[in-house]
Amino acid sequence: MYIKIENYTKVLKHNTILHNVNLEFNSGNIYGIIGSNGSGKSMLLRGIAGIIHATEGSVIVDNKVLHKDISFPPDMGIIIEKPELLEQLTGLENLKLLASIKNKINEEQIIEYMKMFLLEPKEKKVLKKYSLGMKQKIGIIQAIMENPQLLILDEPFNALDETSVSILRKLLIKYKDENKLIIITSHHAEDISLLCDNVIFLQEGRVKEVRNL
């Protein structure tokens with residue numbers, strides 16, 4: 001997969017959130033996006049994912065323009081900020097409901113992912129009563145469980161225990177080796193240095209530097 005961002009600008013309520021961003025992303029790489037709060041990291045991910053429309057500029061995925069040729073990048077797994085899940089359902093119920101949209105995986109496979117992240121699949125407790133870390137794990141599982149070719153992960157390591165951080169890091173390296181395209185943000189320099197091939201530095205909605213590691 002090849003993604004090109006051309007002259008991307010996003011204005012919200014007269015505030016320019018992203019300023020003329022130009023970037024390229026290729027499969028087989030992990031890209032890290034670094035910036036302080038308010039730098040535009042999450043908005044950039046939303047733009048790549050097709051969740052928002054550009055005020056100016058475009059996102060091109062394998063020669064197809066978002067919101068013109070296609071609505072969203074094909075075969076994408078995503079987690080941006082807090083996972084959008086149903087609080088009155090259990091973790092397994094949430095994942096089964098999401099899986100039913102495409103019918104790519106079955107309950108047994110979902111259970112395997114839950115066990116991988118040290119979650120009890122038959123837990124009767126509803127999501128509202130989950131800890132922040134448990135909710136984060138469900139959010140990560142919904143992003144990866146259908147084996148997508150593009151992963152967009154906003155602060156995926158937030159609230160995870162040490163064991164789960166290690167599990168996720170190994171998974172992301174495995175996915176890179178399988179020629180997937182992975183784009184992450186993280187406040188932790190260790191995550192970026194251990195995982196990423198390229199780092200994009202954002203400041204006040206502008207790309208200040210792109211560095212190969």
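1. In strand β9, I200 is the bridge partner of I33. Strands pair here if DSSP finds at least two bridges between them. Strands are DSSP runs of E, at least two residues, and helices are runs of H or I, at least four residues, numbered from the N terminus.

2. This is a predicted model: local features need pLDDT of at least 70 and side-chain atom pairs count only at pLDDT 80 or more, while totals for chains, interfaces and linings use all residues. Residues are numbered from 1 along each chain as its sequence is written, and side-chain values use heavy atoms, with hydrogens and water left out.

3. Strand β3 (residues 29-34) also pairs with β8 (residues 181-185): 5 bridges, parallel. There, G32 has I184 as its bridge partner. Strand β3 is mostly covered, with 5 of its 6 residues buried. Buried means under 20% relative accessible area, exposed over 50%, and partly exposed in between (1.4 Å probe, protein chains only).

4. Helix α1 (residues 41-49) is mostly covered too: 8 of its 9 residues are buried. Among them are M43, L44, L45 and I48. K41 is also on the buried list. Just after α1, G50 takes a positive phi of about 85°.

5. The structure holds 12 salt bridges. The criterion is a side-chain nitrogen of Lys or Arg within 4 Å of a carboxyl oxygen of Asp or Glu. K96 and E107 meet this way, at 3.3 Å, N to O. K96 lies in α2 (residues 91-102) and E107 in α3 (residues 107-116), so the pair ties together parts 11 residues apart in sequence. Both ends are partly exposed: K96 has a relative accessible area of 37%, and E107 has 31%. K96, E107 and K122 are linked in a network of salt bridges.

6. D197 forms a salt bridge with K176, the closest N and O atoms being 3.0 Å apart. The pair links distant parts of the chain, 21 residues apart: D197 is in the loop between α6 (189-195) and β9, K176 in helix α5 (residues 162-177). D197 is buried, at 19% relative accessible area.

7. K180 and E178 form another salt bridge, at 3.9 Å, N to O. K180 is buried, with a relative accessible area of 3%. E178 is partly exposed, at 35%.
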